[in-house]
Amino acid sequence: MPIVAKLLVVYITLGFPSIERFKEFVAKAANIGVDYFEFGILPKYAKYDGPAIRRSYDYVRKLGIDTKEVLRSLKSILKDTGNVIALTYLEDYENNFEHLLKELVNAEISKLLLPDLLIDYVDLYKSYIEFAKKMGIDLTLFVSPSMPDKLIEEVSKESKPFLYYGIRPTTGVQIPVSPSILVKRIRSKVQSKLVIGFGLDENEISEVLNAGADGIAIGSAIINAIEIRVDEALKVISRVRGILDGHR
Amino acid sequence: MVIFDKKYIDNIIPKYWYNIIPDLPAPLPPPLDPPEGPSRIELSKKILPSEVLRQQFTIDRYVPIPDEVIEKYQIIGRPTPLFRAYRLEKLLNTKSRIYFKFEGALPTGSHKINTAIPQVYYAYIEGIDHVTTETGAGQWGSAVALAAALYKMKATVFMVRASYEHKPGRRALMEFLGAKVVSSPSNLSRIGREILSVNPSHPGSLGIAISEAIEYALENNFRYVMGSVLDVVLMHQSVIGLETVKQLELIGEEPDVIVACVGGGSNFGGFAYPFIGIYNGGKKIRFIAVGSKEVSKFSKGGYRYDFPDTAKSLPMLKMITLGSEFIPPPIYSGGLRYHGLAPSLSLFINKGVVEWREYSEVEILEAARLFAESQGIIPAPESAHAIKAVMDLAREYDKEGESKVIVFNLSGHGLLDIENYSSMMKRYAKAS
């Protein structure tokens, strides 16, 4: 049986902390074991994100960075890195979803994660998946423990390239939860790769992998580290990659 | 009272609380930090006992009740009795059979103690020796005072000044149990001092009292305990419904209708959720939440994100709400004045799983009197809303020639509210 490496998904706000450092980070991180990047496109209200990611959005907003322009300028790097998932809130694109998808297609990005899709638009999620698919974009679906088991099972079939399971109510805030119980509960129901995120510390990474996760996502830790130096963020990635590789 | 063989009594108290989150019909929107200001979600780690916070976000359907909590449940008189309301049935001349679970039999006169005990216990095992909370009419404050006394902990209760001055009985009860009762707004918090500097005779509000209790807990590394709205509170209250499921089973009854009054939703959720989520009887049950017409959150509230507290110190919740700035009219059912509704119950209402009714104070006054005269128990004004709905339902079924089993939660007795009834009688005597 082939040994399958665990997935490392890294979130970074597009253009944070500056366009140059962002590009430097992405180029270097791609070579040290990141499987997927999530690029956060500045939303009006990052309602399901925690303090670190919100701070990064505020910073990018204040700098006046045109994040979509950054996205378009990334083509050369993205060709090397490949696996990029754009992340933003559907709330901002209710009336111009097609436009967003076109922007992504132009930037040669083929995956999109909308954290509010199954929370605020649950009755419409199938039509959004179909519409995006027609435009050449796969949706990476985000689920949380407070969603019915049946829904998680149902959407897991549609989620590409993995299902993102946020085990806390917000990113980067370590509310006490029981990670292994949460993962075990849905593992058998999820019919795609299962990636766990939201406030994981290093002990919890092992815990969720032992419970059956296919990978983990980190975001707030990267934001906190890259604010110091790009190298600090790269160190976080190396450390986490090491933990993941220990679980092959 | 329905008499149960002694051998069943210990089995009636559940060993697990029931958490309805995994059985909800749709995703429960998560708590939210507002666009501006510090993360309330992060702050809640310092406000609530850690295990309470963990339980708030658990998706386990059954959460074990610690032995130490079960022991206290037994001490305070759980299981509470189930009554058949024979004389009310006779008074209504109804073909329906009416039962009620009597939470007013508990020492502080209401169901509130069911969650006060575990919340205080979880603070206690964390090594905290002092809890804080707020109280309006005094039911929740009394429950916390008793729970703290049972664990030999200190409690500071911020009591809305209007109640502090006009409800000396409730205040005395809390003080008798060892709690420190503070008239809110007070000088113990920044927000209290600010309010008093502008208006030294400010009458206070529940929102201000919550803010003071939270701030006082944060500054002193105490823990704050919350009386309603949070899912964890509804889960602790599930002892009511779980016991009732068992009690009805022992007498071979299956409910057709489940009724309870609603303030923040802990009484309704605790009573009804086990019937909604796990009860496996043969009938399709109607669930009816009863609120106040004067605080008409069902008919006039919106389903949206809002703060559970006026000071906006806690994370926003998606709920049916009249707005955290809502100033309730001076009705005497203090427990129903709250502006919002627990997120899970809001979802059930929104999806049409739970029906609602609203009654005015004058309507419930009459229902309370009829109930007291027929069953001998003076109900809390809040619970009288459920009684009024039950009376109407029985009449409606009779008109349709149907006989149903109607079960409601009598969440509290009204002996400590007798002055409120007296005031209501004067108010409505004048009106008529």
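How many of the seven residues of β6(B) are buried? Six of them are, so that this strand is mostly covered, where a residue counts as buried if 20 or more other C-beta atoms lie within 10 Å of its own, as exposed if 12 or fewer do, and as partly exposed in between, with C-beta atoms placed from the backbone.

## Basis of the description

This is a predicted model, in which local features need pLDDT of at least 70 and side-chain atom pairs count only at pLDDT 80 or more, while totals for chains, interfaces and linings use all residues. Residues are numbered from 1 along each chain as its sequence is written, and chains are lettered from A and ligands numbered from 1 in the order in which they are written. Helices (H or I, at least four residues) and strands (E, at least two) are DSSP runs, numbered from the N terminus.

Strand β5 of chain B, residues 130-135, pairs with β6(B) in the parallel sense over six bridges, two strands being taken as paired if DSSP finds at least two bridges between them. Within this pairing, B:Thr135 stands opposite B:Met159 of β6(B).

β6(B), residues 154-160, is also included in what covers the buried residues of α9(B), together with α7, α8 (161-166) and β7 (180-184) of chain B. Those buried residues are B:Arg170, B:Arg171, B:Leu173 and B:Met174. Seen down the axis of α9(B), they fall within an arc of 155 degrees and so line one face of the helix; the arc is that of the directions from the helix axis to the C-beta atoms. On the other side of α9(B), the residues B:Pro168, B:Ala172 and B:Phe176 are exposed. After the helix comes B:Gly178, with a positive phi near 100 degrees.

## The two domains of chain B

Chain B is assigned a domain 1, made of 16-65 + 112-231, and a domain 2, made of 77-110 + 237-431; these bounds come from an automatic or database domain assignment. The C-alpha centres of the two domains of chain B lie 23 Å apart. Between them, 39 residues of domain 1 are in contact with 45 residues of domain 2, two residues being in contact if their C-beta atoms, placed from the backbone, lie within 7 Å.

On the side of domain 1 of chain B that touches domain 2, the elements giving two or more residues are β1 (16-18), α2 (40-47), α6 (113-125), α7 (139-150), α9 (168-176) and α11 (206-220) of chain B, and α11(B) gives the most, with five residues. By class, this side of domain 1 has 22 nonpolar, 11 polar and six charged residues, where Ala, Val, Leu, Ile, Met, Phe, Trp, Tyr, Cys and Pro count as nonpolar, Asp, Glu, Lys and Arg as charged, and the others, Gly among them, as polar.

## The sheet of chain A

Chain A holds an open sheet of nine strands with parallel pairing, in the order β5-β4-β3-β2-β1-β9-β8-β7-β6. Its edge strands are β5 (138-140) and β6 of chain A, each of which pairs on one side only. Helix α12 of chain A, residues 230-245, packs on the sheet and touches β1 (7-13) and β9 (215-218) of chain A, its direction making about 160 degrees with that of β1(A); axes here are lines fitted to C-alpha atoms, for helices over the stretch in contact, and angles run from 0 to 180 degrees between N-to-C directions.

In helix α8 of chain A, residues 149-156, the buried residues are A:Ile152, A:Val155 and A:Ser156. Seen down the axis of α8(A), these fall within an arc of 105 degrees, so they line one face of the helix. They pack against α6 (117-120), α7 (125-134), β6 (142-143), β7 (163-166) and α9 (179-187) of chain A.

A:Gly199 lies in the loop between β8 (194-197) and α10 (202-210) of chain A and is buried, with 22 other C-beta atoms within 10 Å. Its C-alpha atom is separated by 5.6 Å from that of A:Thr171, 28 residues apart along the chain.

## Where the chains meet

Across the two chains, 24 residues of chain A are in contact with 22 residues of chain B. The elements giving two or more residues to the chain A side are α6, α8 and α9 of chain A, and α9(A) gives the most, with three residues. That side has 17 nonpolar, four polar and three charged residues.

B:Leu53, in helix α3 (residues 50-56) of chain B, counts as buried with 20 C-beta neighbours inside 10 Å. Leaving aside neighbours within four places in sequence, B:Leu53 is in contact with A:Ile175, A:Pro176, B:Ser44, B:Lys45 and B:Leu48.
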